[in-house]
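This report describes the strand architecture of a single protein model, moving from its sheets to its overall composition. Please read it alongside the sequence and the coordinates.

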Amino acid sequence: MVLTAHEKFIDTKEIECLFTQGEKFSDRIHFVLPPVNNDVDVSGCAFAIRTVASDGGMTETVLDVQHEGEQILLTWNVPETVTAVPGMLQLELVGSRGTDVIIKYKMPAVYVKAAVMGDHLPSPDIIEEKLAQMNDILAQAQAKLDEAKELAVKIDPTLTISGQAADAKATGDRFTEVCNNIADLELFKNEIANARISSITGTEFDVLSERLKADFESIMTPLQKVIELVNSYTEESFTGSSDDTTLCINGIGSISDRAYIQRNDFKYVEVNIGGNAGIEAFRGCSELNIATVNCTKICDRAFSDCSRLGFLTIGKKVKEIGSGIIANSAFYIPRGVRVMYTGTMAEWAAITKSPEWVGDIVTVENGVVICSDGTVEV
């Protein structure tokens, strides 16, 4: 399989559904790159491909590099760590010299199909399995706590959230409370370990496990709210070069109606917010090619009239979609807009959608939404 880079973009359509869970080095993919990009010589770079699985696990694989005439040929022997988890797989190809990242190539997400027999490993004893799950929960909680502590030092009383002054002391107090509560998670591990060596039945163990999971979530909820609160201080940022720019929007608030209407200074948009992407928020952004949106609601005509829009990824946080969100778009994309959803087909069905959510004068590629476990007709 050979994929060719066009400037800093690599279309992954040919390998979109190539991988299956549990495969080990069964796939070999070649990337063909030009040795120069925007007058920058990349021929001396070391290249690696980074992947992020649907469970958040990240891998990085160093690629074999060969020079053939006026092209760079990279070879990726796909390891088992990449195909370990079924679902959406995010990809990024990076070229570096030493510790300096010289170039990154944008690639649409692909999918790892679930294997009929999982990863072909025998099912563990139920108690051992639950113990492993609780230890994993404890590790997740500790990671969130570490993230919260790192963010806490950035609290500044002069910053604002949605136009209102932030109460830094109250935020700090919430961190202290959550840090104290997190110690309770150690009890989960001890209680599970005791159950492991007792005569508790499998049914009783399931009940215990569910109760501990509920207790864990009750502690994690305020912790996550604190993290979101601090993250809301960063509302927008731009990355990349002037002609290959990504607009990143993060926080717990909403994007105002028509906030970025008819802007042409970015090619990629990444939205991860707690509120809504407002009415016509990105309407008429003539250079916009890839949009990733994870918010509560995508409002009416949010990405309408975007003539170069080729890829729209909708995150699992989305609960409602308005009308005509990509109406009158994709004039320069012959195949239309590829619409992807990071959740399952059942989760997609649960989203409240306007009957006319796609809109007029636009084509959705193959007439389907691509979910993590299959496709759904538009």
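## The four-stranded sheet

In what order do the four strands of the parallel open sheet stand? The order is E18-E20-E22-E24, with parallel pairing. Strand E18 (276-277) and strand E24 (352-353) are at the edges, each having a single partner strand, so one side of each lacks a neighbour in the sheet. Here two strands count as paired if DSSP finds at least two bridges between them, and the strands themselves (E, at least two residues), like the helices (H or I, at least four), are DSSP runs numbered from the N terminus.

Within this sheet, strand E20 (residues 297-298) pairs with strand E22 (residues 320-321) in the parallel sense over two bridges, and Ile298 has Ile321 in E22 as its bridge partner.

## Basis of the model

The model is predicted, and local features therefore need pLDDT of at least 70, side-chain atom pairs count only at pLDDT 80 or more, and totals for chains, interfaces and linings use all residues. Residues are numbered from 1 along each chain as its sequence is written, while side-chain values use heavy atoms, with hydrogens and water left out.

## The eight-stranded sheet

Another open sheet contains eight strands in the order E15-E16-E17-E19-E21-E23-E25-E26, and its pairing is mixed. Its edges are strand E15 (236-241) and strand E26 (374-377), each with a single partner strand, so one side of each is left without a neighbour in the sheet.

At the E26 edge, strand E25 (residues 364-371) pairs with E26 in the antiparallel sense over four bridges, and the bridge partner of Val368 in E26 is Glu377.

## Strands E3, E11 and E12

Strand E12 (residues 100-113) runs parallel to strand E3 (residues 19-20), to which two bridges join it; Phe19 stands opposite Val112 in E12. With strand E11 (residues 87-97), E12 pairs in the antiparallel sense over ten bridges, and Val94 stands opposite Lys104 in E12. The hairpin of E11 and E12 has two residues between the strands, and Gly98 takes a positive phi near 65 degrees there.

## Overall composition

The protein has five helices and 26 strands. Of its 378 residues, 42% are buried, meaning under 20% relative accessible area with a 1.4 Å probe and protein chains only. Among contacts (heavy atoms within 4.5 Å) with a separation of 6 or more, 55% involve residues 24 or more positions apart. The accessible surface, from the Shrake-Rupley method with a 1.4 Å probe, comes to about 19000 Å², of which 50% belongs to carbon and sulfur atoms.

Conventions:
Buried means under 20% relative accessible area, exposed over 50%, partly exposed in between (1.4 Å probe, protein chains only).
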